[in-house]
Amino acid sequence: MLHKENILLVDDDIDILELLQRHLQSMDYHTYKAVSVKEALYILKDSYIDLLITDIQMPGVDGLELLKFADEHYPEMPKLVITGYPSVSGALEVIKAGATDYLTKPFTKEELRKAVLKAFEQGSRRKDSKKTISANQDGLYPDMVGKSETYGKVTDIIERVKDNKATVLIKGESGTGKELVARAIHYSGKFSRAPFIAVNCGAIPENLQESEFFGYVKGAFTGANENRDGFFQAAQGGTLFLDEIGTASLAVQSKLLRALQEKEVSKVGARKTEKVDIRVIAATNSNLQEEIENKRFREDLYYRLTVVEIDVPPLRKRKSDIPLLVEKFIRKYGIEYKDRLLRISPDALQILKRYPWPGNVRELENVIQRAIIMSDGTIDVGDLPDKLKFQIDFPDSNFRSLQEMEKEYVQKVLNHTQGNKTKAAEILQIDRKTLREKLK
């Protein structure tokens, strides 16, 4: 029987990888193998990894950069370095980059076993030391990047709800990262080992929603050739995330309400109900109050969903987080597209900070992907889309009226001429009478 721990092994030496895998599997650990940093990033993205073991000396992006990336995005995951070139300065460097410990080649199976146990022990202590409410500043939610005050309110609420099954409604514009918030609630809490089922309600045709949500029994309708569970049964013990909840049909809304109230569901065509023990997190980018007024959303379901509300701010309301997000996407896609880490010029970053981002974080991510592809090493102004480069910078991204801008400009000219109206009129290329009217 395998341990629950998953260990990722990273080394460009196939023989070392095979040796490590044999040793660790004989200790009942489950292992993943990667021969490059790029391959390791794919595994980290798609799998739950409990321990990273990596070599340092590798072609292309080396293990040190992998350590820095893992320390930023997976801070609680212990990291063990294997090196054939031990030195005091080298040891300090890997520890500074986030390594829990290091093991010198060649090593015995027993030395490996002790190093792995020590890494898990130190990783556990590191996790236990996280006590603060401002969890995101300490990296408890690695996919959620931001230290602004507005984003900090989101992570504070996550910390309060992660260990209970209160229903949560996440509100925010498209592209703000509502699913990231839902995943943070699930995977940072005590139910993290249970299923997380994400459902885009808007992608399911109305005539299929009931059977998809609650399942069906054999013979319930044409094509129902077997019993099938729905999303509620699949999420048993864990979290069901209902994105775009406002698009759910009224018939499904009625059954959702009963499921939340009674903690039970009924499959299509079934005579009996089934108990379900799940947490429901819903999300919307629409105004549900308007939907209620227009009789498209049930008011009683709305109040059942809003036990806890989380408002995810648009990117234009947390522009101080843009450099952090840019760094995250450069690390992610620089290695994926270019096999190396890239930089961004100050001028290019300033343009990104000035743009109002109507598409929010998703739009920023797409822009960085494109810029990395276009870049020769450093992302510069020329690598950005034209719509960003020619964007006029209005304070707080709020457009002002022409009258307000004219008033401000006339005042500046008068200040420049020290109140001399004749000189001001000459600069403005209007006569004194027109200037007098404008001053009134």
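This is a predicted model: local features need pLDDT of at least 70, side-chain atom pairs count only at pLDDT 80 or more; totals for chains, interfaces and linings use all residues.

Residues are numbered from 1 along each chain as its sequence is written, and side-chain values use heavy atoms, without hydrogens and water.

Next I looked up the pairing: strand 8 (residues 239-243) runs parallel to strand 11 (residues 279-284), joined over 4 bridges. Strands here are DSSP runs of E, at least two residues, and helices are runs of H or I, at least four, numbered from the N terminus. Two strands pair if DSSP finds at least two bridges between them.

Then I traced the whole sheet: it is open, with 5 strands in the order 7-8-11-6-12 and parallel pairing. Strand 7 (196-200) and strand 12 (308-311) are the edges; each has a single partner strand, so one side of each lacks a neighbour in the sheet.

I moved on to Asp 55, which I found in strand 3 (residues 51-55). Is Asp 55 buried or exposed? Asp 55 counts as buried, because its relative accessibility is 6% (buried is under 20% relative accessible area, exposed over 50%, partly exposed in between, with a 1.4 Å probe and protein chains only).

Last, I checked Tyr 337, located in helix 13 (residues 322-338). Tyr 337 is partly exposed, at a relative accessible area of 34%.
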